[in-house]
Structures are given as structure tokens and as C-alpha cells.
Amino acid sequence: MKINDENLGQVFTSKPVASLMAKLVMEGSLPGMEILDPCIGDNIFFKTLSEQYSGSKISMTGVEIDSALIDKTFFKGKDRKVFNKNFFEFSPKTQFDRIIINPPYVRH
């Protein structure tokens with residue numbers, strides 16, 4: 001488990017855990033589903049969802065406070081949005097069908 005910045009509570013999820021969580025979040029999914037990751041980090045969840053469910057019509061919204069972690073090329077396209085801010089200051093205009101986030105590994 002890689003810890004980048006303990007001040008931000010950054011712990012990166014492994015690919016096997018992200019794969020399992022992607023499977024769980026997609027159970028019973030509907031076309032046009034809106035998914036939020038409030039702390040995208042290195043974006044393992046959305047990348048995994050894109051790989052495993054490439055034919056699915058899902059919209060992905062990510063929030064990340066650390067701009068150095070945001071892969072802007074991934075978030076090009078109308079079904080992918082990213083916001084560089086603290087999640088607690090994020091006021092979405094969208095309601096989400098699912099929220100995916102890594103388990104809390106450190107106390108913040």
C-alpha cells in the first residue's frame with residue numbers, strides 16, 4: 001500500500017481491490033448511470049471501470065484536491081468530469097446513482 005501524503009490522507013488502492021469494487025458498483029447498473037469518486041487520487045476506480053465495462057454508458061465525475069494526481073487526458077469527453085478542489089467544497093448540480101471511494105486506511 002503506497003502512501004503519498006499523510007497530511008492529505010492519500011493512500012492508493014491496489015488494482016485487485018479496485019477491480020472488485022468496480023464489479024460491485026456496476027451490479028444492477030442502468031444505462032446513463034452517474035458515478036462519483038469524491039477523491040480520485042491516481043484514478044484507479046474510473047480507469048478500472050473503463051477497462052472492465054468499456055461498452056457501458058456511464059458518466060464519471062471525480063473530485064481531487066491534489067492537482068498533481070489528475071490525469072486530464074482521461075477526463076476528456078462529455079461523460080467524464082473532474083474538479084480540482086476539496087470534496088467538502090464541492091456542490092454538484094447532479095444527483096449520483098453510485099459513489100465509489102477507497103476504504104479509509106488512515107485517520108485524517
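## Contacts and model basis

A contact means heavy atoms within 4.5 Å. Among contacts in the protein chain between residues at least 6 apart in sequence, 66% join residues at least 24 apart.

This is a predicted model, in which local features need pLDDT of at least 70, side-chain atom pairs count only at pLDDT 80 or more, and totals for chains, interfaces and linings use all residues. Residues are numbered from 1 along each chain as its sequence is written, and side-chain values use heavy atoms, with hydrogens and water left out.

## Elements and surface

Two helices and four strands are found in the protein chain; helices (H or I, at least four residues) and strands (E, at least two) are DSSP runs, numbered from the N terminus. Their order from the N terminus is α-β-α-β-β-β.

Of the 108 residues, 35% count as buried, meaning under 20% relative accessible area with a 1.4 Å probe, protein chains only. The chain exposes about 6,900 Å², and carbon and sulfur atoms supply 53% of that area, computed by the Shrake-Rupley method with a 1.4 Å probe.

The four strands form an open sheet in the order 3-2-1-4, with parallel pairing. Strand 3 and strand 4 (98-99) are the edge strands, each pairing on one side only; two strands pair if DSSP finds at least two bridges between them.

Four bridges join strand 2 and strand 3 in the parallel sense. G62 stands opposite V82 in strand 3.

## Helix 2

Helix 2 spans residues 44-52, and its buried residues are I44, F45, F46, T48, L49 and S50. Their cover includes helix 1 (15-26), strand 1 (33-37), strand 2 (58-63) and strand 3 (80-83).

Note on methods
Buried < 20%, exposed > 50% of the residue type's maximum accessible area, 1.4 Å probe, protein only.
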